[in-house]
Amino acid sequence: MDVEIPQLLRDTVAQFGAGAPYALKAVAGQLADDPDMGRPSTLPGILTVTVDGDLFEDCPDLAIGYIREPDRIQIRYVTPISAAEPTDPTKPTGPTGPTGPTRPPGATGPAEGAELTEAVQGEGQGQFADPAADAVAVRQVADAWGRVTGWLRQHAPDSYAALRPGARPAAVAALESDLGVPIPLELRVLWMLTAGDDGAEGRGCLPGNKALLTLDAVAAVHRLKRDAQAQEDARDAHRPQDERITVWKATWIPVVALGPADHTSGLYLDAATGYLGHWSRFNDAHGEELDTLVTYLEEAADMLEAPALATRDKPGLLDGALVWLSGVDPARKDRWRPVAG
């Protein structure tokens with residue numbers, strides 16, 4: 001059984017103590033022989049094993065989370081077990097590495113699991129009623145986005161540098177007030193990790209070279225679409241019920257744009273359903289996506305890490321920037337290199 005340990009995770013574990021990398025390697029060897037040795041954690045699909053740090057020189061007690069697949073195991077997080085909470089190592093005590101929140105350059109605000117959960121709940125004005133479910137949502141977004149930013153940092157430094165720092169909770173709360181709709185926890189977490197993408201080579205880092213909207217752009221697009229719907233509502237007064245037109249709903253929150261400087265279309269997150277949908281400035285036909293924000297980010301990470309299996313788009317590099325195949329300028333295609341793997 002193959003056991004995969006992402007390089008970013010190896011680098012992070014080395015910071016826990018000189019013996020931590022050896023402990024991780026020892027556990028990986030045990031998992032190769034006994035893939036089911038772990039027990040279910042509080043995260044869906046993730047098993048966990050604990051390491052007694054006293055068995056290794058200069059190593060804290062560790063909780064190691066992994067996913068078991070038919071032909072491989074992938075270790076997803078390693079986190080020191082707090083001495084104050086020895087009975088529950090799988091609680092979100094702040095996993096680090098590719099599964100924990102990864103700060104882009106200059107990021108501010110909370111960036112570790114428990115802190116991030118507390119922060120988003122604290123700014124959520126009581127809308128989050130299930131702390132356990134909230135912790136899972138925080139970890140899922142942090143995991144997926146951490147995989148994306150970890151890949152960018154290693155392979156596409158220009159695209160990584162174009163990501164804005166995480167937003168402070170107060171800025172997200174102010175945007176929520178402006179939108180007039182509760183911001184879903186998953187989106188709140190994402191914005192507190194990265195508050196937009198300024199783009200590299202004029203392109204965003206998401207599939208199709210789409211870009212995560214800045215908070216100011218979110219407010220501007222939402223205002224524009226809200227005004228468009230108000231105009232339709234005025235016209236609807238003279239239309240039969242079955243001919244009335246909906247171009248925007250109050251619960252739709254724009255999240256992704258066609259590009260860093262092109263806000264003519266993109267994706268919104270429906271706060272009522274949790275699913276993504278398409279929006280366009282031209283109010284053409286839109287439809288709900290089957291993706292949630294988490295599955296969308298997870299698929300982006302999957303395509304970067306396993307480009308041979310990518311279906312929607314193919315990642316490539318143009319100098320130090322990530323450029324997806326669908327967005328390659330024909331005049332520069334000779335400089336574009338597909339990502340191997």
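Asn209 is buried, at 4% relative accessibility (buried means under 20% relative accessible area, exposed over 50%, partly exposed in between, with a 1.4 Å probe and protein chains only). Its phi is near 60°, a positive value in a residue other than glycine. Asn209 sits in the loop between α7 and β6 (211-212).

This is a predicted model: local features need pLDDT of at least 70, side-chain atom pairs count only at pLDDT 80 or more, and totals for chains, interfaces and linings use all residues. Residues are numbered from 1 along each chain as its sequence is written, and side-chain values use heavy atoms, with hydrogens and water left out.

**Helix α7 and its contact with α9**

- Helix α7 spans residues 185-193, and helix α9 spans residues 293-305. Helices (H or I, at least four residues) and strands (E, at least two) are DSSP runs, numbered from the N terminus.
- The axes of α7 and α9 come within 9 Å and cross at roughly 45°. That makes α7 oblique to α9.
- Angles under 35 degrees count as roughly parallel, over 145 as roughly antiparallel, 65 to 115 as roughly perpendicular and the rest as oblique. Axes are lines fitted to C-alpha atoms, for helices over the stretch in contact, and angles run from 0 to 180 degrees between N-to-C directions.
- Glu186, Leu187 and Leu190 of α7 meet Leu293, Val294 and Leu297 of α9 (contact means heavy atoms within 4.5 Å).
- By class, this contact of α7 with α9 has 5 nonpolar, no polar and 1 charged residues. Ala, Val, Leu, Ile, Met, Phe, Trp, Tyr, Cys and Pro count as nonpolar, Asp, Glu, Lys and Arg as charged, and the others, Gly among them, as polar.
- Helix α7 is largely enclosed by the rest of the structure, because 8 of its 9 residues are buried. Among them are Arg188, Trp191 and Met192.

**Aromatic pairs**

- The structure holds 4 aromatic pairs. Rings of Phe, Tyr and Trp (its six-membered ring) pair if their centres lie within 6.5 Å; planes under 30 degrees apart count as stacked, over 60 as edge-to-face and the rest as tilted.
- One of the pairs is Tyr22 with Phe56, edge-to-face, at 5.8 Å centre to centre and 65° between the planes.
- This pair links distant parts of the chain, 34 residues apart: Tyr22 is in helix α2 (residues 20-33), and Phe56 is in the loop between β3 (47-51) and β4 (62-69).
- Tyr22 is exposed, at 56% relative accessibility. Phe56 is buried, with a relative accessible area of 18%.
- Trp248 and Tyr268 are also edge-to-face, because their ring centres are 5.8 Å apart and their planes are at 75°.
- Trp248 lies in the loop between α8 (215-236) and β7 (252-259), and Tyr268 in strand β8 (residues 262-270), so the pair ties together parts 20 residues apart in sequence.
- Both Trp248 and Tyr268 are buried. With Trp252 they form one aromatic cluster.

**A charge over a ring**

- The charged end of Arg139 sits over the ring of Tyr77, 5.4 Å from its centre. The test is NZ of Lys or CZ of Arg within 6 Å of the ring centre and within 35 degrees of the ring normal.

**Loop residues**

- Asp319 has phi near 60°, a positive value in a residue other than glycine. Asp319 lies in the loop between β11 (315-318) and β12 (321-324) and is exposed, at 52% relative accessibility.
- Thr214 lies in the loop between β6 and α8. Thr214 is buried, at 15% relative accessibility.
- Not counting residues up to four places away in sequence, Thr214 touches Arg164, Ala195, Gly196 and Asp198.
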